[in-house]
Amino acid sequence: MSLAFLTRTRGRGRFDLTDWLTWAYLLLAVFLMFGPILWIALSSFKTEAALQEYPPTFLPLAPVTATVEGFDEPLQLFRIIAGEHQGKVLAQVRRIGLVGKMVDPANPGALIDVNINDRVPERAFALAVENYTSLFERFNFGLYFWNSLFITVVATIITVLFNSMAAFALSKYHFRGRTVVFVLIIATLMIPPTINLIPIYLVVSQLGLVNSPWGVIWPAVATPTGVFLLRQYMLTIPDDLLDAARMDHASEWKVYWRIVLPLSAPALAVLVIFSVMWRWNEFLWPLIVLNRSEEFTLQLALNSFQGELQTAWSNLLAMTILTLLPITLVFAVLQKYITTGIAQSGVK
Amino acid sequence: MAVVELDNVVKDYGATRAVHGVSLTIENGEFCVFVGPSGCGKSTLLRMIAGLEEITDGEMRLDGQRVNEQRASERGLAMVFQTYALYPHMTVRQNLAFGLENIKTPKDEIVRRVDAAARMLQIETYLERRPKQLSGGQRQRVAIGRAVVREPRVFLFDEPLSNLDAELRVAMRGEISALHRRLGNTMIYVTHDQVEAMTMADKIVVLRAGRIEQVGAPLELYNRPVNQFVAGFIGSPRMNFVEGTVDSIDDEGVDLRDRTGTAYRAAVDGGGVERGDAVVLGIRPDHLDVGGSVGHEVTVNAIEQLGGDSYLYCERPDGTRLTAHIAGQTAIRRGDVARAVFRPEYSHLFVKDTGVALPRLTIGEAV
């Protein structure tokens, strides 16, 4: 079915200009969006040496080595492209200046001198999985992952709960000052976050939440965007449903929990995706609040790879990929909710 | 078992008053219909009884107990909404069970009651479906079922049939009446359709602009409307009205003349009027005899022949429009000039300024 969808054409059975243009446009978009990610993903499997190489290779390639009789260490293989031994594959024993002392693996007896410009390293596709494993061995990836996960999950749950309660009140109760409250909440969108940074830090520090995940969670849970999004959605839920629930002996809490919340599922899914992305990718605020490396989130840990003098690119890239994975999964699971509306169907 | 009493009940929305001091008693087991044109406050009144709208002033009592302060969830009433208001994310069974779960009814009792209600309303086969998968009539039954399982003290219906097509509306009308006979609960039913009111009610409450115009049994309202509004609202097609002035008054009735000088007579008590007063004569289309050789001259503008009934849309020479209903078929054609007889014992008389009806002395239609 998906094949039929993909090969569908505008012209009858034949590709016409529109089809070509559409495909070209879509492929360009795919290249622009997935190119960098693909590049990072492939690079994350390259060794540190391969990453420093110029010109860079697309696939992760590693130098081929061979164990040659008479030598304890495996030797790197080179293909000779000029001179007397052209076409042969030789192993290098050592390099002295511009001359490589090399040996033929088939005939390990004699050392051969080769100009280093006359040879290219033999390489083969190889995944440097150690970039990933060392994250767990040398760096405390598990701890950072747990910190990020904890902050993301807890903050998202609280965000959804608080924002939906606020949205419920603002959309379904008529009280004096309702519009004012709503406008005030929306108005906070106009304040750049950097302006809030210091006041919020002072509050968080007074509450003793510095260097605690709660210091990241609490300031983030009340989002005007979330309240706005949910309120607009809840306005579309007919009041009759709420009245019907009230006639069915439901308390106000039950009206919210059993009727309004389930019917807001599509909007909640959107907010969950937003909240997960915000919290997972958040960098500046955790950087300020979390100073001890045990409390670092993944984003902070990534940052710490970038030293003043030296950057561990291979590990940085590997961790970047691991950091991208959860959020991709969340989006993949929840995206269908964005488009499926389940409310509005019971009435009429 | 429930008697609903409203004592001078008032509803204000800000500065506007939607319900003006309504006092009413609905007896136990009574089928009471609130009827009136849109915006007359009938739905507001029902929602106040339900507890969904606050009562601004006055008192509401259920079985003698003041319930003004009780929430909708505490009053033990059930309501069927115009939009059905079924919970879209629950199956029919869950929809029916929701109210019982909320009052912590034991599981097996819920199953028993839901099944009984489903059997009664013939919705057993789609208990596991969602409201979206049901037709309008089926949704209506589920909405009624949701009220029935609760075994409420009072059933409230807010224009429950207005979203159904004509045929289904007639069928559901019969079913709701049958339900009332079977359960014997007090029921309050809001509608703008006077046919629904006439066919279902034990007692009709006619409302206009937040005030009660008249309360009574259907035929009482039909035969003895207290004012021109009720007379015009009850009965279909609408009552015909002819404006005139009082000519003479005697013990058996009142004589009057219209603008053209044509004389009419109504068998009403003329105690409230004097010679020369402006009055309005009312006669229902059913009681206007058209087609004979005597009576007042009318021009027939249009005819609707339904086979079993015929409706004639006529006009007096002075422009007064009259509708006549004739049982069976008629030989009168459009454009014909016919004669219409206004019989005094079928005529109503209203004071023009106030609309108040004069008491009828003899009532032709009463058996």
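**A hairpin and its surroundings**

Reply: Let's begin with one pair of residues: Val246(B) has Leu256(B) of β12(B) as its bridge partner. Please keep in mind that this is a predicted model. The strands around that pair are β11(B) and β12(B), which run antiparallel and are held together by five bridges. Two residues form the link between β11(B) and β12(B), making a hairpin.

Now look at another pairing of β11(B), which covers residues 240-250. Strand β14(B), residues 278-283, is joined to β11(B) by six bridges, and these two strands also run antiparallel. A residue pair to find here is Glu243(B), with Val280(B) of β14(B) opposite.

Pro237(B) sits in the loop between α9(B), residues 228-233, and β11(B). The bond between Ser236(B) and Pro237(B) is cis, with omega at about -5°.

Next comes a sheet elsewhere in chain B. This open sheet has six strands, and reading across it gives the order β6-β7-β8-β3-β9-β10, with mixed pairing. At the edges stand β6(B), residues 77-80, and β10(B), residues 211-216; each has a single partner strand, so one side of each lacks a neighbour in the sheet. On average, neighbouring strands here are turned by 20° against each other, ignoring direction.

Inside this sheet you can find an example of parallel pairing. Strands β7(B), residues 154-158, and β8(B), residues 186-191, pair in that sense over five bridges. To locate them, look for Val154(B), which stands opposite Thr186(B) of β8(B). Helix α5(B), residues 136-148, packs on the sheet and touches β6(B) and β7(B). The direction of α5(B) makes about 175° with that of β6(B).

Glu151(B) lies in the loop between α5(B) and β7(B). Although Glu151(B) is not a glycine, its phi is positive, at about 50°. Glu159(B) is found in the loop between β7(B) and α6(B), residues 166-183. Its phi is also positive, near 40°, and Glu159(B) is again a residue other than glycine. Glu159(B) has 21 other C-beta atoms within 10 Å, so it is buried.

From here, move on to a pair of helices. Helices α3(B) and α4(B), the latter made of residues 107-121, pack with their axes 10 Å apart at an angle of about 130°. That angle makes α3(B) oblique to α4(B), and their crossing is right-handed. On the α3(B) side of the contact you will find Arg93(B), Leu96(B), Ala97(B), Leu100(B) and Glu101(B). They meet Ile110(B), Arg113(B), Val114(B) and Ala117(B) of α4(B). The residues of this contact divide into six nonpolar, no polar and three charged.

Stay with α3(B) for a moment. Its buried residues are Val92(B), Asn95(B), Leu96(B), Ala97(B), Phe98(B), Gly99(B) and Leu100(B). Just after α3(B) comes Lys104(B), with a positive phi of about 55°.

Helix α3(B) also brings us to the neighbouring chain. Altogether, 22 residues of chain B are in contact with 21 residues of chain A. The elements of chain B giving two or more residues to this side are α2(B), residues 72-75, together with β6(B) and α3(B), residues 92-102. This side of chain B has 15 nonpolar residues, six polar ones and one charged one.

Finally, zoom out to the whole of chain B. It has nine helices and 20 strands, and its C-alpha atoms fill a box of roughly 75 × 45 × 40 Å along the principal axes. Of its 367 residues, 41% count as buried.

Terms used. Residues are numbered from 1 along each chain as its sequence is written. Chains are lettered from A and ligands numbered from 1 in the order in which they are written. This is a predicted model: local features need pLDDT of at least 70, side-chain atom pairs count only at pLDDT 80 or more; totals for chains, interfaces and linings use all residues. Two strands pair if DSSP finds at least two bridges between them. Helices (H or I, at least four residues) and strands (E, at least two) are DSSP runs, numbered from the N terminus. Axes are lines fitted to C-alpha atoms, for helices over the stretch in contact, and angles run from 0 to 180 degrees between N-to-C directions. Two residues are in contact if their C-beta atoms, placed from the backbone, lie within 7 Å. Ala, Val, Leu, Ile, Met, Phe, Trp, Tyr, Cys and Pro count as nonpolar, Asp, Glu, Lys and Arg as charged, and the others, Gly among them, as polar. A residue is buried if 20 or more other C-beta atoms lie within 10 Å of its own, exposed if 12 or fewer, and partly exposed in between; C-beta atoms are placed from the backbone. Angles under 35 degrees count as roughly parallel, over 145 as roughly antiparallel, 65 to 115 as roughly perpendicular and the rest as oblique. A crossing is left-handed if the near helix is turned anticlockwise from the far one by less than a right angle, and right-handed if clockwise.
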